[in-house]
Amino acid sequence: MASLLDVKGLTVKVSGYTILENLDFSIEENELRVLLGPNGAGKTTLICMITGQYKPYAGSISFAGQDITGWPPDAIFQKGIGRKFQVPNLFETLSVFDNVMVSLKGRRKVFSTLFQTLSAEDSDRIWEALEFVGLADKANEPADTLSHGERQWLELAMLIASDPKLLLLDEPTTGMSEEGKRRTAELIERIARSRTVLLVEHDMHIVRQIAKRVTVLHQGQRLAEGTLAEVMNNPAVREVYLGKRRPQ
Amino acid sequence: MFTQSIITQFFNGFSVVAILIIAAVGLAIIFGVAGVINMAHGEFMMIGAYVAAVVDKLGGNTLLAIPVSFAVVGALGLLVERSIIRWIYHRPLETLLATWGVGIILQTIVKLIFGPELYYVGTPKFLAGGFRLIGRLPFPWYRLFLIIVAAALMALVFYVIFHTDLGLQVRAVRRNRAIASCLGIDTARVDMTIFVFGSGLAGVAGAVLAPIKSVSTTMGFPYAVDSYMVLVLGGVGNLWGVVAGASLIGEAETILSFVFNNVIGELLVFLFIVIVIRIVPKGIFGYYERR
Amino acid sequence: MASASGSVLAKTIANRSKRTIYRTPLIPRPVLVGGLFVIALIGAYPYYGTNAYVLSLLGKFLCYAIFALSIDLIWGFTGILSLGQAVYFGLGAYFIALSLKLNYALTHPTRYGGKIPDFMEWNGLTSVPHFMQPLMNLKTAVVCALIVPTLLALLFGVITFKRHIYGVYCAVITLAESLILQEFIIEYQAYTGGFNGITDYSNYVSPRFLWFILAVAIIFFLGARLLTHSKAGTVLKSIRDNDLRAEFLGYNVANYRIFVFCVSSFMAAAAGAMYAAWVGLVSFLDTGPVFSIEAVIWTAVGGRGTIVGPFVGTFLVKGAEFFLSGVLAEWWQILVGGLFIFVVLAMPDGIVGAVARWGARRRLALDNIARKDELKKYYFQLRLRSERSAQPEKEAP
């Protein structure tokens, strides 16, 4: 069975520094994959490459059977890949409702949006997304009045509304309280039931809560892949995360 | 004959390049580190030139005018920074508009004080005349002086940036402002020092410009625009960008203005810059910054 | 029983407050009322006004206001600061001025007997240059005045926006562009009237023309409002707020910017064309960066991103200039410079913007109060009902 996302031999160099080296990586359809790795391993870079932010030095990326290497971000989005940034990227002066409305899956061309009106179904889908993350009663507030946790959830709602086939979440629980993290983890699990999700996360509690398959990156290469238990027992992974055991 | 004229123009261009370097390096540091676009840069140069005119009237010469202009315009820069700029760092479009206002005010005040007529500042006597470079090519001593001043300024800036504590702080703030302030660097003071230093350099540019251009309240604006073009073409963040941009623009303008006329020359330089920017959006030496 | 009805009631409250989305109406009532008043004030001036100079100022200010509106569209809504919008205004103006002058010269020969514009004669031309012949036809000139600047804007947009050149770089490049056009006009004075500009082709100040300009202003205003209230308008605002996020949500940011830039330039060109005919004098000053930046400040004073703001700001600042510059002479310039600084430091939202924000905050606060009141009312009734049901039934069921 062909994977939904297939990354082959990806090499990324920025300012002479190699961030990803000949990386092979793939995700199956409807998977919930967690991407782990210490800082600087290249997790965010991998997401940047998949979503088209930079052009790779070498290698290829294909999605649903189509080669998307080097495509611009807006085209990749329309193919069905959505990205949540580590730092919530919202439209600050727009209301919460409008933030989601702009993200709604639909036509993106200038002349289409010129004459588009908000249909009842669209409105319902926006409300659904807002209710899903619990921001429905803040619908009229401008986005810059939200707390940090709420901003993360708003971005999540925007991505749900955009209905992607593959959702890339880059540390969506950064800066949240324990309660918020748990809720976010639940939301992610529910989202993953109907889509493919790649989650980058540092918080091991959350990872333990929802991870099925895990990939560990280290210095731009794939170190280990498997279930969480397998990966955590891998000596190379332990060394990278916990350090070598010093001889007594 | 034509080739000979082109070669002459090439050497003539050295003056323009030197002045552009002096004018643009201050702007480059200010924009690169503090994120401020000073639309009054031309007016700062103009005031430096007027200071040189006053020094000249009082019996001094250009060599004396340079440090005096540096001090006067630097002080002016401090005033502007403390009252206006410090509230709007890192919002280049806002500083653009606010400093445009400063420029208007400065122009008007100078016009009120000195009147609208032109002033003439002579070149210092020991720099008058020139020598012959290759064959019969005339090369004014003043041009050599300009080149020396430009080179000395670049050397000074390089030294300050790379071999002093202040320069270390500047580089740290340029790289990562948040972490720099966590490490105890007073970023506000760094910004202020940069702005004052850059303003002083603008004053110096005006002072060395005064002997070869008539001093008027509107003299600074074209040089200011050219300085921005130097930044756009050469890139911000690397001092070599200033040298590269100034050299390309200065030479291109001189030669093309000779071959065609002033206006077509400027147009061609502008088109050239636009084409280069299309290929390298951040300028020749601008490094690729992560979004 | 009480809890079940409580949850139903709670859902009703929740639904009721959830389902209303506040949208600024296409024309808010204060704007409608104020606008109609101002339109009447201006439109009726020919009847009650006696000062011909004021009449000419009204038309001029309206053209300026449309120009400021064009800047608001790209700057206030899309976040592109262009210091060279006057290029499009000036091109529109020059096309019309040339056409009118060429036609005027036919019927008003110069002292040398020539039937060509005076500035052409002074520069040794003996007949109208070939490439200007089509401009003798006013209709062609109007088409050129509107289309050529828009095409130029399209070209500029494709060159800069497609390569993600925004912000300061864009501002500086537009500044240079504007300066170069100015110098071109001065240099090639045989064709453009040079430093003096194009003059003496008789202006067309008249009530009818004033109403025409007013009508055009109203149409552009409504059109701009419709644009900003459409989904495209919200997309433009989202691009202004976070173009990275917009791009990653599938919007081709460059295309949107190019589109709004062309619309803006079309408006600026139209304003310039009407200006040339109304004022009867066009010069390089109308194409330069000083004029462009002035218009930016009018927009900023009025309130950027509000569509109403540019009109308010233009009339306010230009009106103040009319009253004060005679008295203040040079000091007026210092005031203008100070205005730039003041607007940036103290008035980032402008007048209309500040009013709008105050209104929005008030409305949100009222919404919250109203909701709290409603909730209080229902929970009170809930408590009453539960207390009543706790008491023994007095009546037979």
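**Ground rules.** I am reading a predicted model, where local features need pLDDT of at least 70, side-chain atom pairs count only at pLDDT 80 or more, and totals for chains, interfaces and linings use all residues. Residues are numbered from 1 along each chain as its sequence is written, chains are lettered from A and ligands numbered from 1 in the order in which they are written, and side-chain values use heavy atoms, without hydrogens and water.

**Domains of chain A.** I looked up the assignment: domain 1 spans 1-80 + 164-243 and domain 2 spans 90-163. Such bounds come from an automatic or database domain assignment. Their centres, taken over C-alpha atoms, lie 25 Å apart.

**Where they meet.** I find 19 residues of domain 1 of chain A in contact with 13 residues of domain 2 of chain A (contact: heavy atoms within 4.5 Å). The rule finds one salt bridge across this interface (a side-chain nitrogen of Lys or Arg within 4 Å of a carboxyl oxygen of Asp or Glu). On the domain 1 side, α2 (73-79), β7 (166-170) and α7 (178-192) of chain A each supply at least two residues (helices are DSSP runs of H or I, at least four residues; strands are runs of E, at least two; both are numbered from the N terminus). α7(A) gives the largest share, six residues.

**C:Leu364.** I placed C:Leu364 in helix α17 (residues 350-390) of chain C. Is C:Leu364 buried or exposed? C:Leu364 counts as buried because its relative accessible area is 18% (buried: under 20%; exposed: over 50%; partly exposed in between; 1.4 Å probe, protein chains only). Leaving aside neighbours within four places in sequence, C:Leu364 is in contact with A:Glu141 and A:Pro142.
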